[in-house]
Amino acid sequence: MEDPEHPEGMNDSFFERELPGLVPGVCVKNLVKVFEPSGRPAVDRLNITFYENQITAFLGHNGAGKTTTLSILTGLLPPTSGTVLIGGKDIETNLDVVRQSLGMCPQHNILFHHLTVAEHILFYAQLKGRSWEEAQLEMEAMLEDTGLHHKRNEEAQDLSGGMQRKLSVAIAFVGDSKVVVLDEPTSGVDPYSRRSIWDLLLKYRSGRTIIMSTHHMDEADLLGDRIAIISQGRLYCSGTPLFLKNCFGTGFYLTLVRKMKNIQSQRGGCEVRVCLGKEPSLGSVGLLFWI
């Protein structure tokens with residue numbers, strides 16, 4: 001963490017020290033965003049670094065400042081103060097250059113109703129400077145990776161919500177984007193589509209800096225190399241999933257009870273109690289059975 005300015009009363013031990021050798025992809029320094037002159041900052045002195053070859057899960061409740069932060073990173077909103085460096089370039093002075101290697105999946109799908117799936121990918125690939133031949137090759141690979149190949153000739157308006165979301169995620173990676181910002185990429189999709197989006201992110205993680213906001217803890221745990229939790233515009237903790245579990249995990253119980261139908265099992269049924277996480281009496285992971 002560079003130049004940490006944590007909220008008052010927060011313990012520095014909630015911020016994991018980064019290992020040497022990591023390459024910064026995006027550096028956010030003292031970022032502030034105020035929409036009304038006398039209002040509360042939507043983003044309040046935010047300091048965080050996102051690294052290459054990693055997926056960083058950005059967690060926070062509604063109104064915590066996630067979308068505002070991601071909108072500033074992509075140039076949709078200007079910061080009130082502070083600095084954002086993407087690939088070493090300041091977004092305020094080099095935004096046109098930064099956007100050549102930046103991909104964005106917004107919170108709500110922004111698609112052309114009468115363009116087909118294939119035409120969307122071709123269009124955005126050429127916007128990123130790809131030749132027609134390169135765009136064709138990238139389109140074929142992307143359709144296969146996202147499972148949209150059977151929908152290639154369907155117009156966006158005819159796709160289901162899950163398919164539209166997958167197309168929006170695919171567009172973010174088009175043109176070999178080195179920094180990819182995904183604002184709740186799996187919101188409103190079915191479990192199968194959600195899993196295919198996960199597979200796509202894991203496959204395309206290498207060589208990229210991926211920043212993903214989400215409300216799902218299981219998603220952040222599975223995909224996130226690092227997790228950053230934001231509230232009221234301030235960063236409250238940051239680190240690997242294991243680091244945060246060690247800091248805040250208290251364990252939980254899952255109790256399953258099944259009543260046996262045969263006479264021999266009239267002893268009262270079977271109870272299985274599973275303890276996962278930090279439990280002082282059992283160690284970090286325990287499994288208990290009572291019959």
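Two strands are said to pair if DSSP finds at least two bridges between them. Helices (H or I, at least four residues) and strands (E, at least two) are DSSP runs, numbered from the N terminus. The model is predicted: local features need pLDDT of at least 70, side-chain atom pairs count only at pLDDT 80 or more, and totals for chains, interfaces and linings use all residues. Residues are numbered from 1 along each chain as its sequence is written, and side-chain values use heavy atoms, with hydrogens and water left out.

Strands of a sheet pair through backbone hydrogen bonds, either parallel or antiparallel. Here, four strands make an open sheet in the order 2-1-4-5, with antiparallel pairing. Its edges are strand 2 (43-51) and strand 5 (89-90), each of which pairs on one side only. Strand 1 (residues 24-33) runs antiparallel to strand 2 and is joined to strand 2 by six bridges; Val28 stands opposite Ile48 in strand 2. Helix 1 (residues 66-73) packs on this sheet and touches strand 1, strand 2 and strand 4 (81-86), where contact means heavy atoms within 4.5 Å. The direction of helix 1 makes about 120° with that of strand 1; axes are lines fitted to C-alpha atoms, for helices over the stretch in contact, and angles run from 0 to 180 degrees between N-to-C directions.

The aromatic residues come next. Rings of Phe, Tyr and Trp (its six-membered ring) pair if their centres lie within 6.5 Å; planes under 30 degrees apart count as stacked, over 60 as edge-to-face and the rest as tilted. A search of the whole structure finds five such pairs. In one of them, the ring centres of Phe123 and Tyr124 are 5.2 Å apart and the planes stand at 75°, so this pair is edge-to-face. Phe112, Phe123 and Tyr124 form one aromatic cluster. With 36% relative accessibility, Phe123 counts as partly exposed (buried means under 20% relative accessible area, exposed over 50%, partly exposed in between, with a 1.4 Å probe and protein chains only). Tyr124, at 22%, is also partly exposed.

Phe173 and Tyr204 form another edge-to-face pair, 5.3 Å centre to centre with 85° between the planes. This pair links distant parts of the chain, 31 residues apart: Phe173 lies in helix 5 (residues 161-173), and Tyr204 in the loop between helix 6 (191-203) and strand 8 (209-214). Both Phe173 and Tyr204 are buried.

Met142, in helix 4 (residues 132-146), is buried at 2% relative accessibility. Beyond residues up to four places away in sequence, Met142 touches Ile121, Ala170, Phe173, Val174 and Tyr204.
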